[in-house]
Each structure stands twice: as structure tokens, then as C-alpha cells.
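This note goes through the contacts between chains, one interface at a time. Please keep the structure open while reading.

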There are 6 protein chains.
Amino acid sequence: MTQTDKSALVVSAHSADFVWRAGGAIAMHAAQGYVVHVVCLSFGERGESAKLWRKGDMTEDKVKAARRDEALAAAQILGASVEFFDIGDYPMRADRDILLRLADVYRRVQPEFVLSHSLKDPYNYDHPLAMNLAQEARIIAQAEGYKPGDQIVGAPPVYAFEPHQPEQCDWRPDTFLDITPVWDKKYAAIQCMAGQEHLWEYYTRVALQRGVQAKRNVGITNARNIIYAEGFQSVFPRVTEHLA
Amino acid sequence: MTQTDKSALVVSAHSADFVWRAGGAIAMHAAQGYVVHVVCLSFGERGESAKLWRKGDMTEDKVKAARRDEALAAAQILGASVEFFDIGDYPMRADRDILLRLADVYRRVQPEFVLSHSLKDPYNYDHPLAMNLAQEARIIAQAEGYKPGDQIVGAPPVYAFEPHQPEQCDWRPDTFLDITPVWDKKYAAIQCMAGQEHLWEYYTRVALQRGVQAKRNVGITNARNIIYAEGFQSVFPRVTEHLA
Amino acid sequence: MTQTDKSALVVSAHSADFVWRAGGAIAMHAAQGYVVHVVCLSFGERGESAKLWRKGDMTEDKVKAARRDEALAAAQILGASVEFFDIGDYPMRADRDILLRLADVYRRVQPEFVLSHSLKDPYNYDHPLAMNLAQEARIIAQAEGYKPGDQIVGAPPVYAFEPHQPEQCDWRPDTFLDITPVWDKKYAAIQCMAGQEHLWEYYTRVALQRGVQAKRNVGITNARNIIYAEGFQSVFPRVTEHLA
Amino acid sequence: MTQTDKSALVVSAHSADFVWRAGGAIAMHAAQGYVVHVVCLSFGERGESAKLWRKGDMTEDKVKAARRDEALAAAQILGASVEFFDIGDYPMRADRDILLRLADVYRRVQPEFVLSHSLKDPYNYDHPLAMNLAQEARIIAQAEGYKPGDQIVGAPPVYAFEPHQPEQCDWRPDTFLDITPVWDKKYAAIQCMAGQEHLWEYYTRVALQRGVQAKRNVGITNARNIIYAEGFQSVFPRVTEHLA
Amino acid sequence: MTQTDKSALVVSAHSADFVWRAGGAIAMHAAQGYVVHVVCLSFGERGESAKLWRKGDMTEDKVKAARRDEALAAAQILGASVEFFDIGDYPMRADRDILLRLADVYRRVQPEFVLSHSLKDPYNYDHPLAMNLAQEARIIAQAEGYKPGDQIVGAPPVYAFEPHQPEQCDWRPDTFLDITPVWDKKYAAIQCMAGQEHLWEYYTRVALQRGVQAKRNVGITNARNIIYAEGFQSVFPRVTEHLA
Amino acid sequence: MTQTDKSALVVSAHSADFVWRAGGAIAMHAAQGYVVHVVCLSFGERGESAKLWRKGDMTEDKVKAARRDEALAAAQILGASVEFFDIGDYPMRADRDILLRLADVYRRVQPEFVLSHSLKDPYNYDHPLAMNLAQEARIIAQAEGYKPGDQIVGAPPVYAFEPHQPEQCDWRPDTFLDITPVWDKKYAAIQCMAGQEHLWEYYTRVALQRGVQAKRNVGITNARNIIYAEGFQSVFPRVTEHLA
């Protein structure tokens, strides 16, 4: 099924998060005709580039450039556009201007749904900041009184994608997305992340485990061969016309 | 859209619960071609028939008969079949035989989804019992080793419908069902409950409030005129192919 | 019962919140002789004035003026004084000066109790900010070392009034206030909110539902005819001399 | 203040629980004119009589007799009547007859409020059983259809009194009762529990800690000299006419 | 390090649970000199033997025998003794006799620690039953008044081992056990479970994921090469003399 | 046991918090050879020095000096070094520089474990701020890209020490530290806090209650005479090689 004129927004704290945590969702929806746009708030230059720093003769600019290239390559494979806010990481801070800049992205993209981080992560304070920013920007983009006359956004559902240690983040998936048809793309995108090779197999196993779990949660008439899946936690209730 | 060969199961502690709490869902899916089957574990003869008892010259059998008639009338309007287990209420207790009897209903009905009560209700201990019974019976019906050779059930999603005082029951809706098209049927079914007239307007207001809330949670491309809705809380994660 | 020299404080994120969510409590306590003071942190000029913006030929100043008039009219009906901090909304931000300004209000008003928003609201980030501000200002106003020599405040109970979608905000009422005697005032105040007419009936139904629930939670010796009520969630334990 | 015709019910799993956990509340309300009735479900003969068993030459009957004497003596000091169900402990089990027997106590006592254990206690499975029994019996006693014609009970508030390790039981006090005026009685009652002398000072310290906390939570106009207090957690919302 | 005279108890709802969920802990402690005893409440003959049932020409006795052989083989590899209560599964029910039988096992084994299931599992009602049984039996075994004169047990810590879908069971590991040194034994034991081959790789991946997570949670001076781990959730606080 | 080259870090919002809440842990580990370093973010000059302010003729500088002297005396008794950030209290705010300054302390101290406040405290907004600061600084100190080339820290466990009203802060101890051997030191340190004499007995009772509770949670082979204890809540899972 190809849908036109539909879009989605992914708010990624660091430049690789969208790959590990939502690469399948991005590729699936791109394949369905969605325009998927990723905002990388930072390059993860301080906190998630250990391998690069250990190379020696490194500067923050060099790290950022390398990370940008990786993210762009991954996004291209997945079928998404990327935008870098470059607001720094470890610590990440977002002032009013950044918030409004993201609200403007919402207005421009008009997303059908939004993906970002879990609201709690004791291992990474940048992640909850990104999610809170994504949620508050959405609310501002909904307001008639913000840049009156511009087209406001509706009420796109927001999902938290999977954090690194899910139970410690009080993250509980309520939605499994079957990503079996696009797993090859996700794994190819994962391989762009040369600086974090130790995570390749970790997130392959995550996809396999979620695949098994998804299968266990499928009703009888929906039988299908799910091998890989991604889990998501909804922020808002969904509205539907049937419960099966 | 009419779907054939699809069915749903509603497990109602007392003979009126399915009307207040899931009448819209029943009518909606009946209209979509679902075979909807309701199991009433009791008639609510002790705990939810105050008005009948106050009439005087009343016996438990008379109360049960009156409640049965009301439930049958309501179910007919909604388009569902009903089955009465008559296990008593206040207190409700279910032994192994009742559990297996319900498991057998699952096997017979092969439901696409299941509706029952919230898992907590400090105002009504029969309600959580009904939900636990519904969940455990589902698990038994899934087991190859229970009546081997019979057709097992898959993994139909289970939802808790709305209790009387939702916040006190730790019930949080994650799914809103638009019942606007069938509201007239639900209200007609509600009016069959002559013994609980004080609840008619209460549940009309519930439907209106959930309607407003549903509208607030709808994404932009799904704009539609929702006036009445029912809320449900999922027990299990759902499995999907798109997130919008 | 008329009590003199007693006061209460309401901290409202936007200029209409105090009406929908606490109008009954304000009118009840005003009728009991309380001096009730409302702080409106913003006019809700961006986020809650959609109808005004759609009129065309509108500016932020005009919206604010209209919203101020509505709030003043409503407060007068309810019997409260109002003070506008005008710190802006969508997004709302409060720096140290605003916090201390609110602490000074506490010192001046010496409230017996405080009302503000729920601590969580995924639909509105200004609401939790207001509650956190109200709580932190209270703590500062309690400190001997803040403006030493001034009269500190005691430990007034703080309540979260009802948000728009209560279950989504993890809001659970533990206190119901019977507002039946002042419902006419609350509804008159509600009608001052010309820009949000779609909420009039919504909050009338909220009051009716809470009224029914309050009645269900009343002990036998307290029988009374409750029709309208407001729900509140306590932040702190209460101290009492009897448990009935 | 003396109130007549008012009563309260305490459901105690073992024959000493009501002393440690609610002795102050009992004495306070007895002093206010309440008829306070205690149901001891068991004597705690197996699980809470270690000192007696270590005496040697002991039988279950002897232990029960000793525990009965202690409980009667304590109740007399506090001003309450006691009734022993003698259903056994470690493990405690309550069948339908016991449940209805307790429902009948509700009907007879017509309590203004009810005290029992926390709903969770990983150190003691009898405690949650007692609370669940107390809650379900209350619901049955409210039902018109249970022994039709008898006087039903209203909706008396139910409180969980303090367990031995409060945080491990997810018990959070939302109500502090000042028991300073009756502390001497509570301590005298505590001293009746000869078999559990190691707990005397423990529960004295509990009362002192809760006294300090109660004082910290008192509003300015309620200043009073609280030294000893008991904490309680409400099961249901309270209904009130003022929030101070 | 070899410790003598120390023992541990594992309470497994079905005859394979102890392998998937605690096989590493069993082998680790057996290697440390612990006597590890496993109680299998049932053989999982109905609910977890689908592959066997599908073979045809099968009876419940044949399934049980096959499952018993698998469990015994696995236990031998891990270094544990096993005892089968054979109380049936799907549904599992435990009466007073079973509870006391398990309490007697506690008295006999005198475990240093106890492992069982999570307290919640919407996919499997036998699992929480097993954990509750394990906890209540422990409490009875602690009571001086149960079989007075017998040696009571102390306060062995109780852990919930990992359920199949951890987040859905509200299970959050607070303890990671490094099982790298005994992984070969665990995997050999896993391979005894011929009837559930689809789970072999699933639980291998679980061990790898928990291994990565354990490594992330290790303090600097504890650096070691963890590859495989098992996660556990504590029921009770631990008591210690140092916090590193 | 004396361990050399090991260290610990305590992040205290106000200059006395580390004494009431972690004085035993500090003295225990100092006695075990740990270098324990305390960071006092403020002197508690506004919010926790009421007695000093009431003396009259007082200035903020005088209060700070008095509080500094008390803290230094207490730390010396406990065996810890102290560092004062002097960032102010009521309200406490920490900008990026303060955060990085604390990250640098982590790098310098290389702690084996970290102690700070609970993540929630409705009575004191400075406390959660201190804990969040402690956690975020730890994360930054772990990052290779922050001051590349400096020695990063590992993953020291972080514990929340006991707040003043534990249940209201959602604080649940999962670890009890036996502080009996150093109680005399803790009480001597407590007595340095001349300005808060009302808390001396309060925290003595806290230590006694936690001592009783610790004893109740000790396994049989660990029998020892615990009289005084401190409770802690872990932020992260621990990694271990045995479960007893």
C-alpha cells in the first residue's frame, strides 16, 4: 500500500538513536509512502562517540563530521530526510528558541505520528529531554495563537521508542510494529554506525526478541510470519473504529 | 464494511454491565458483521437490583427473571447473543468448573477480541473477579493440552471497559472507540434497564465526555465528527503494520 | 458558617483554568467567608484562545485584554480577587523572579489551602509548570531565611484540581467538594468564557459526574443531596482529629 | 465533643494488630463517644506468639487463651468491644460463611468508618486477606439483595492502618490522626501484649515519628501541640464541604 | 569459593521454568557449593507441552513422563535436586495441604535464598500463583507456632526470575547475576527441553542481552568480562555492610 | 577490613543533609578505608537554619559561616572531606557550570558509589534537584568526549538516602546498611547540628526503626546484632556473583 502526502517525525537526541530504536518504523513507513523526517538534536559527539575519541588526534568538529556522515548514510538507506540541530550533548539543553524551532518543524512536516525517547532514562539525561522537547513543541504547534495564521498541527500520536535498558526506564511497549519486510534495510543502516559496532548485534537481538513477542500477541486471524519487530509505548490513547 | 466469520466475546459480571460499559462496542461490531457473544456471570440479583427489591413481595428468583428479561432485550437491540452462567453475586465466586466452562466458550466462539471489567474496583469485588476469570479462561483455551484435539484459540486482545469510578479503579483508557453511529442503539439498550434508571443519564454523559476526549486525540487526517465514544484499556500490546 | 480572616490561594496557568476546575471551590469558600485570591500566570493568549484568533484582525494584546475581562468577570461572580502575572503561555516559563513573586503572594495572602494543576499533563506543559511553581513558592514562603523577619506561612494543604483528561494525567481525586449550593455561580462564571463555549457543557457534565460519585462515597450519617461536585487530589497528608 | 449513636469497626487479622496499629484511633473515638467494635479474625496463635511457644509445655489452645486475655485487656483500656472469629492464622483463609458473618457485623454495627490492614504486605499474607475481607464484606452489607429487608450500610470510609514495614507494603499515609490526648491509654494497651514486648518501643517510636510528621503537615490556623500520631491510608475519596 | 552447608530453593510453576529463568543461578551456586533444590509444582503438561501433544497418540501421563525426564536431565546438568508436586497446570490451584507441604520443604531445605516467578503475568496465571505460594509458604515456615519445636527458617531473600515478556509483567531486574562461567551448563540444560526448541535461542539472546546490561551497571573496580547474565527482582530489601 | 584507594561521593543539597541521612554510611566506609568526599551544594542558609535566624542580628553570611562550621565538625567526626559549592537554597538552581564542576569532582574522586537525595520530595524542591544533578554529572563524567583524555568514571551505583517523610517521597529502601558499629560517631556528628536540635531524636529513632527492620530482613546465616541502620534506595541494578 502506498500512501501519498503522509508524513512522520522522529526526534532523536543523538545522531544514531533513530537508527537503533526506530530504523524499522522509518523504513516501513517510507515504504508505505510516508515522508519521514528525522531531527537529530545533537551528534552525540561527547557521549556516544567513544570509539572515535579513542582514535587520537580528534577534535569535536571531526567527531561531529564523522557522526553526521554516518547518520546521513543511515537515513538514506531507511528513506528518511535528516536535519541536525547541533545543540550539543552531555549535557543537552534546549532553550526557548530551540523549542520554537522544533515547533516550526512540526508545522512544516505536519506529521501523522511522532517518535522519540522514553520519558525516563537514568542512564541518559539527554533522552528524556528530547522527548519532553518533542511533546512540548507539538503542543505549541497545535496552538492557534502561536504564529497565528500558519497551519496548526492536529493531534498526531506520539510514541516512545525502545531505550537501551527498557525496564530501568519504566518503558513498557504497548505496540509492536512488524519490521520483517524491511529488516535488511535496518541492518544496513545499523552498519553505517561504524563507531558503535558493539551495538550491532545487541539491536539485532532486540529486534528478534520483539519479533517473538509480537507473534505471541497476535490474534488468530492476523497470523503472519513475524521475525523482527520494534516496540513502542504510546503517550496518548488511540482512537479507532474496531477493536480486533 | 461488513466482515463475516468474525466474533467477539464480552464477559459481564452482572447482567447489565455489558450495556453501560460496552454497549457501543457491541453494536458497532455487530454492525460490522461480528458475531458478538455476551456471558453474564450473574444477574446482579443481590448487588445491582436495589430498585426491584424495594418493590416488596420480591424473591431472588423474581429478581433474576426480571434482570434476565432486561438483559435479553438489551442484547437484542445491540445485536448480541447472551448466555447466563448464574453463579451468583455479592459475593461472586468461580470454581474450576466455571473457569473451564468459560474456556469452552472461548473455544466455541473463537473471539477476535474480548471485553471485560477493570482489574481493580474497590467498589465492587465481582468486577475484578470477572476480568481475572476472563483472562485465565483465555489462557486455558490457548493450551494445546486442554481438551487436546479441540481447536485452540489464538491471542485475542483483551480490553477492560470503563468502571463506574474510573480513577479509583486505576483504569486509564488507551483506546477510544467512536460509537456515534450506534449511539441510538446503545441508548435504547440502556433504557431496557428499568431497575437502574438513575444510571441512564450518567452513562450518557460518560459517552459524551469520552466523545470529546476522543476528538482531542484524533490525528489530523482522521478528522471526523465524533460525538459519543467508549474508552477501553488494553491488557496486551497490539501488533500493527503502521503507527498513524 | 462564616469564617473571617481565612484565605485561600489558587494558581491558574491560564486565565480560565480557575473557573472550569475550581470555580465551585472558590465560590463555596467565598460564601464561607474566605478571602480567595487567584493568580493567573498567563492569559492563555496563545494556547487557549483559538476562537478569538479565528476572528481575524487580532493581536496578542487584544486577545489578552479580552481574556482579562472574561477572567475578571468570572472572578467577581465567584467572589475572588485576581492578579495577572502575564508571563506568557505555550510555552510558559518561570524564572527566579516569578517564583519569588509568587512566594511573596503566599506571604501576603497566608492561605489556608492552595489549589493548582495536576503534576502531569501530556496535553499541556504549562499546567505542571504552574503546579510546580505553586509548590516551590510555598516552600520558599515557609523558610525563615527568605526575607527574614517577614511572616512565614504554615503548611497549607495543596490540591490538584481536575485536568481535562483526568486518567491521562494520572490524576485521581481523593477529595470531593459538594458545590451544589454554588453551582449557579459557577455556571454563571463559566458563561463569562465566551471564547471557549465548547467547554461549557463539558464542565457541566464533569460537575454532574463528580456529584454522583461524591454521593456514592458519602457515609450514612452524612446523607445529603449532592448534585454537583468538584474533585481534588491532595499533595500532602491531612491531619485530623476524627476519621468519620 | 461527645457524639452518641456513632460507631466504628476495626478488622484485625491477629489479636494484637488493632493495638499497635489503631489503638490511638480507637481510644480517640471512644473518647468522642463512638462505639468501637473490633473483630479479631484470629489470635495470631501460630505466627505472632513466638514468645509463648518458646515457654515450653504449650498447646495451641493455651496460646489462644493467653492471646485472648491480652486482647480483651487491651480493648477494655482503649474502650472497645472485641469479637473473635478464630479462623486460624499462618495461613489465614476465609470462606463464604466467614465473609457473610463479617457482612452481618457491618449491618449490626453500622460503622461510620472502618480500619483494617494494608492491601499489600510481603511479610504477612494474613494482613491483605483481612483487608480484602473487610472490603468485600462492606460491599455485601451495602447490597439491598443480601438479606433483603435488613438495614443496609452506607458508604463508610475505609482506612489501612500502618503495617510493620510501611514502604515495603506500598503504604503511604494520607491522613494523620493526632492521638496525643490518648497516648497514655494506647501505651497501657500496648503493655498488655506481654508476648511481644520487643514491639513496645518500636510502636512508641512509630507514634513519635508520625507525631512529628503530622505537625509538619498542619496548616497555620490549626497550630496545636501534636506529640503522638497514627497514620492511615484512605481507600476511598472523602467528601467534604471545605478544603482547609 | 566453595561454601558448604548452604542451600537454595527454586519454586517452578512448570517443569521447565527453572531452566530458562534460573538455570544460570542454579549452576553458579551449585558450583559454589550450594545445595540447590527445585520444586516443580506441575509438569506443564497442559500449557507448555504443545509440541508433545501435536505428536498424536498422546496422553496426559505420557506427556508428564516426558516432561519429568527432561526436567531431571536438566537438573542433573545444573547440579540441582528436583521434586515434583504434580498439582496440575492451566489452571494451577494450590490448597492448604500444598501450601503446608511447601512450607515443610522450606523447613527441610533451610534455603539461603529463594527463586520463583514474577508476581504479575497476564500471559500465565500459574506463574503468579507459584510466587505467591512460595512467599506464603516461607512465612509459615518462619512461624514458631507452625509445627512447634521444628526448626523455623530465617528470612531468606526472595527473587523473581525473568518472565517471558518482562515489561508486560511489571518485572524490573534490580540484580544481575554473572553466569558466564556456567553458560555451557545452562545451554546444555536448555537443550534437554526437546519439546520447546523454539525457546532455546530466545533464552540464549536473553542471557546475552542481560550480559551486556550487567556490564553497563558494573562499577569501575569490578571490571570483569561478563558475557551472559540473568536478571532478578528482589522482593525484600537486602542488608549489607558496604554499598560499593 | 581496610580497603585502600577506594572512595565514595555524597551529594548533599544542604550542609546538614549528609549527617542525618548518610552519616552512618560515611563513617562505616571511612572505617573500612574508603576516602569519602561530601559535596554540600548549599549551606541551607535560607531553608534549614530557622533557629539561627530567630537569634536576631543575623545576616546570610553569618548563617552560612555557622552552618559551614557545623558541617566541617560533623564531617571530621565521620571521617569525610567536605567541599561547599555555595549555590544557594530555597530555591536552589544549578546551571551548566555547576553541573560540569560536579562532573569534575566525579572524575577527581572516582567514587565506588554515590549517595544523594530522593528523586521526589514535595516538602523540599532542592533535594530532587541535588539528586538529578548528581545523576547527570555522573553521566557526563562517564563520557569519553567530555574533556577527552581525562580519566572517565565507571558506573558507580547511586543510592537515594532517606528523606524526612519517606512515604510521601515515594522512597522505598531496598538496602539496609548496618551502622551499629559507628552509631556513636553518627550521633556525635548529629550533635554538631546545633541549629536543628529538634531533629536529633527524630533521626535517632529513624536509625533504631531501620535497625529493627534490617534485622527482620536478614537471612539465617547472617545473624548478627543490628541495632542501628540506614536505608537506601538503589537507582541502578546491582551486579553480583551470588544471591544469598
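1. Buried area is the accessible area, taken with a 1.4 Å probe, that two parts lose on being put together, summed over both. For chain A and chain C that area is about 1500 Å². Carbon and sulfur atoms give 60% of it. The model is a predicted one.

2. The contact between chain A and chain C involves 16 residues of chain A and 15 residues of chain C. On the chain A side, the residues that lose the most area to chain C are A:Glu136, A:Ile139 and A:Glu144. Together they account for 34% of what that side buries.

3. A:Glu136 also takes part in a salt bridge: its side chain meets that of C:Arg93, at 3.0 Å from N to O. In total, 2 salt bridges are found across the interface of chain A and chain C. The same interface has 4 residue pairs in polar contact, counting pairs with both residues at pLDDT 80 or more.

4. Which elements of chain A give two or more residues to the side that touches chain C? They are helix 4 (96-109) and helix 5 (126-142). Helix 5 gives the most, with 5 residues. By residue type, this side of chain A divides into 10 nonpolar, 3 polar and 3 charged.

5. Now the interface of chain B and chain A. Here 43 residues of chain B are in contact with 42 residues of chain A. The buried area is about 3600 Å², and carbon and sulfur atoms give 56% of it. Of the area that chain B buries against chain A, 21% is supplied by B:Arg238, B:Val239 and B:Leu243, more than by any other three residues.

6. How many salt bridges are there between chain B and chain A? The count is 0. Polar contacts are present, however: 16 residue pairs, with both residues at pLDDT 80 or more.

7. Several elements of chain B each supply at least two residues of the side that touches chain A, namely helix 1 (17-31), strand 4 (113-116), strand 6 (175-178), helix 7 (200-216) and strand 8 (238-240). The largest share, 4 residues, comes from strand 6 of chain B. This side of chain B consists of 25 nonpolar, 10 polar and 8 charged residues.

8. Strand 6 of chain B is also joined to chain A by strand pairing. Its partner is strand 8 of chain A (residues 238-240), with 3 bridges between the two, and they run parallel. Within this pairing, A:Arg238 has B:Thr175 as its bridge partner.

Key
Residues are numbered from 1 along each chain as its sequence is written. Chains are lettered from A and ligands numbered from 1 in the order in which they are written. This is a predicted model: local features need pLDDT of at least 70, side-chain atom pairs count only at pLDDT 80 or more; totals for chains, interfaces and linings use all residues. Side-chain values use heavy atoms; hydrogens and water are left out. Contact means heavy atoms within 4.5 Å. A salt bridge is a side-chain nitrogen of Lys or Arg within 4 Å of a carboxyl oxygen of Asp or Glu. A polar contact is a pair of N or O atoms within 3.5 Å; within protein, one must be able to donate a hydrogen and the other to accept it, and residues adjacent in sequence count only if both atoms are side-chain atoms. Ala, Val, Leu, Ile, Met, Phe, Trp, Tyr, Cys and Pro count as nonpolar, Asp, Glu, Lys and Arg as charged, and the others, Gly among them, as polar. Two strands pair if DSSP finds at least two bridges between them.
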